[in-house]
Amino acid sequence: MQDAAIELVNVNKWFGTFHVLKDINLTVGSGEKVVICGPSGSGKSTVVRCINQLEKHQNGTIRVDGVELTGDAKTAATIRSEIGMVFQQFNLFPHLTVLENLTLGPIKARGLNRKVAEEKARHYLERVHIPDQADKRPTQLSGGQQQRVAIARSLCMEPRVLLFDEPTSALDPEMISEVLDVMVELAEEGMTMVVVTHEMGFARKVADNMVFMDAGEIVEQGKPEHFFTNPKSERCQKFLSQILQH
Amino acid sequence: MNKIILFLSLFLLASGCSSSQIWGWYVIDPTTPTGWTNVKFLISGMGATIQISLIAAVLSIAIGLLVALPSLSEKRAWRLVNRIYVELIRSIPLLPMLFWVFYGLPIVFQSMGMNVPIDPFWGAIITLALSDSAFTAEIYRAGIQSIAKGQSEAAQTIGLNYFQTMRYVILPQAIRRILPPLANQFIYIVKMSAFASVIGMQELTRRANELVVTEYRPLEIYTLLILEYLVLVLIISAGVRWLERRMGADERG
């Protein structure tokens, strides 16, 4: 494995008195794909949101590319531009066209000129297989298309790491695969990815490391071949048996 | 709009026919030289009313946004700044605030060694803008908070800073929800600008008061005054509806 892209050491976080993350230790190597699963409320989304500082951790250390996240705005801004994020609810900007959604970050945050930004945007729209939708509004697209636009929007910032927070949970079943296909392609191209998902087929296909969380703790982590066939902890066995039943 | 004009002309027509002692519509009968002079005198306050209201509204919209932003902060101290401003300003009745600004503020400036005379025009504008800004601030806050949190999170993840997030993501979406209540506030300003008459500003109400003093015909003159405000407010309402339609069209792309 190459040097770590993301490192979490003994990270703790509370929402009020609720201890949402308990001593989280996680290392994501450059180019590595980590899939986090676990029951709802287990803190898996919070881990991802702490990595790009949408949430602040109270103690422990988070390093991205060796830079420690101290919670100050400047570090947070630098780190965020290195890290892309894809949300469950897409969070596209409804008042802008697809193309404008994609070029906003590069133009305003990176200072690219419009022409270059638009070329880049069209390139990434092609990569997520919707080159024809550039001038539409997000609301005119299907859920699967919207999520692919969201992925393209993240890619336009050319991030070192892409975070996915349950990217297919809000989608109709027939649209899940078109999003997962794009994610598999990204994985094959060597993108570093941290994915919170219950799509175990996808996990088996791309994950280098599987992480199971429950009640704010990382209960188990390991290579998918061991993780799926021979989980050590009872909680993980139970969880897997529940979601793999169907 | 047509109905109003009809109503107004019937009114004036009736005034022409009337010879009763009780009614004195002749004072504002534009078909007679005196009546026409009076009407022109009354309407001549319109420019000042419009100017005061417009400038105060623009200032209030700017100040309101500045006051609203701290209310969205995660830091309690910033939210407190907002709360104190809003609670203080909106609790002051307009007339006392007008007196305080017009008669008191120059003394405050004087105490700081500055000579800043405040004329009725700017006294009225400052008062209206301040008074209204507490309300526009609340309108902004509600409008901005109604935009889903995911929008600003997404903006942050593509590297936009706070002001870029507001400027390019949040405010363009919030403005559609903010605009109708802001328009209401503009109407409020136009009406409250009548208070400027008490510090000597030559606007609509002041003109009416002065004419009443010389003509002793309060009913007729104040009726025309009310109609003048009605016309102003109807014009604003029509303008806002046009703006909303245009923005709606924008939204649909």
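Reply: The crossing of H3(B) and H8(B) is right-handed (left-handed if the near helix is turned anticlockwise from the far one by less than a right angle, right-handed if clockwise). The model is predicted, with local features needing pLDDT of at least 70 and side-chain atom pairs counting only at pLDDT 80 or more, while totals for chains, interfaces and linings use all residues. Residues are numbered from 1 along each chain as its sequence is written, chains are lettered from A and ligands numbered from 1 in the order in which they are written, and side-chain values use heavy atoms, leaving out hydrogens and water.

H3(B) covers residues 46–71 and H8(B) residues 162–192; helices (H or I, at least four residues) and strands (E, at least two) are DSSP runs, numbered from the N terminus. The two helices pack at an angle of about 135°, with axes 11 Å apart. Axes are lines fitted to C-alpha atoms, for helices over the stretch in contact, and angles run from 0 to 180 degrees between N-to-C directions. H3(B) and H8(B) are therefore oblique to each other (under 35 degrees is roughly parallel, over 145 roughly antiparallel, 65 to 115 roughly perpendicular, and the rest oblique).

On the H3(B) side the contact (heavy atoms within 4.5 Å) is made by Ser53(B), Leu54(B), Ala56(B), Ala57(B), Ser60(B), Ile61(B), Leu65(B) and Leu69(B). H8(B) contributes Tyr162(B), Met166(B), Leu171(B), Leu182(B), Phe186(B), Ile189(B) and Val190(B). By class this contact has 13 nonpolar, two polar and no charged residues; Ala, Val, Leu, Ile, Met, Phe, Trp, Tyr, Cys and Pro count as nonpolar, Asp, Glu, Lys and Arg as charged, and the others, Gly among them, as polar. An α-helix has 3.6 residues a turn, so residues three or four places apart point the same way.

H3(B) also packs against H4(B), residues 76–91, again at about 135° but with the axes 6 Å apart. That makes H3(B) oblique to H4(B). Here Ile63(B), Val67(B), Ala68(B), Pro70(B) and Ser71(B) of H3(B) meet Trp78(B), Arg79(B), Asn82(B), Tyr85(B) and Val86(B) of H4(B). The residues of this contact divide into seven nonpolar, two polar and one charged.

Helix H4 of chain B also holds Ile89(B). At 9% relative accessibility, Ile89(B) counts as buried (under 20% relative accessible area, with exposed over 50% and partly exposed in between; 1.4 Å probe, protein chains only). Ile89(B) lies 45 residues from Ala134(B) in sequence, with 6.1 Å between their C-alpha atoms. Not counting residues up to four places away in sequence, Ile89(B) touches Met97(B), Leu130(B), Ser131(B) and Ala134(B).

The largest nonpolar core has 52 residues, of which Ile6(A), Leu8(A), Ile36(A), Val47(A) and Leu163(A) touch the most other members. A nonpolar core is a set of buried Ala, Val, Leu, Ile, Met, Phe, Trp, Tyr and Cys residues joined through side-chain atoms within 4.5 Å. H8(B) gives the most to this core, with six residues. Apart from it lies another core, of 47 residues, including Cys37(A), Met200(A), Met210(A) and Phe228(A). In soluble globular proteins, nonpolar side chains tend to be buried together.

Among the contacts of Leu8(A), beyond four places in sequence, are Ile24(A), Leu26(A), Val47(A) and Ile51(A). Val47(A) and Ile51(A) are also among the buried residues of H1(A). H1(A), residues 44–51, is mostly covered, with seven of its eight residues buried. Asn52(A) lies in the loop between H1(A) and strand E4 (59–64) of chain A, and at 0% relative accessibility Asn52(A) counts as buried. Leaving aside neighbours within four places in sequence, Asn52(A) is in contact with Arg80(A), Ile83(A), Met85(A), Leu163(A) and Thr157(B).

For another helix pair, take H3(A) (98–109) and H5(A) (143–156). Their axes come within 8 Å and cross at roughly 25°. That makes H3(A) roughly parallel to H5(A). The crossing of H3(A) and H5(A) is right-handed. Val98(A), Asn101(A), Leu102(A) and Pro106(A) meet Val149(A), Ala152(A), Arg153(A) and Cys156(A).
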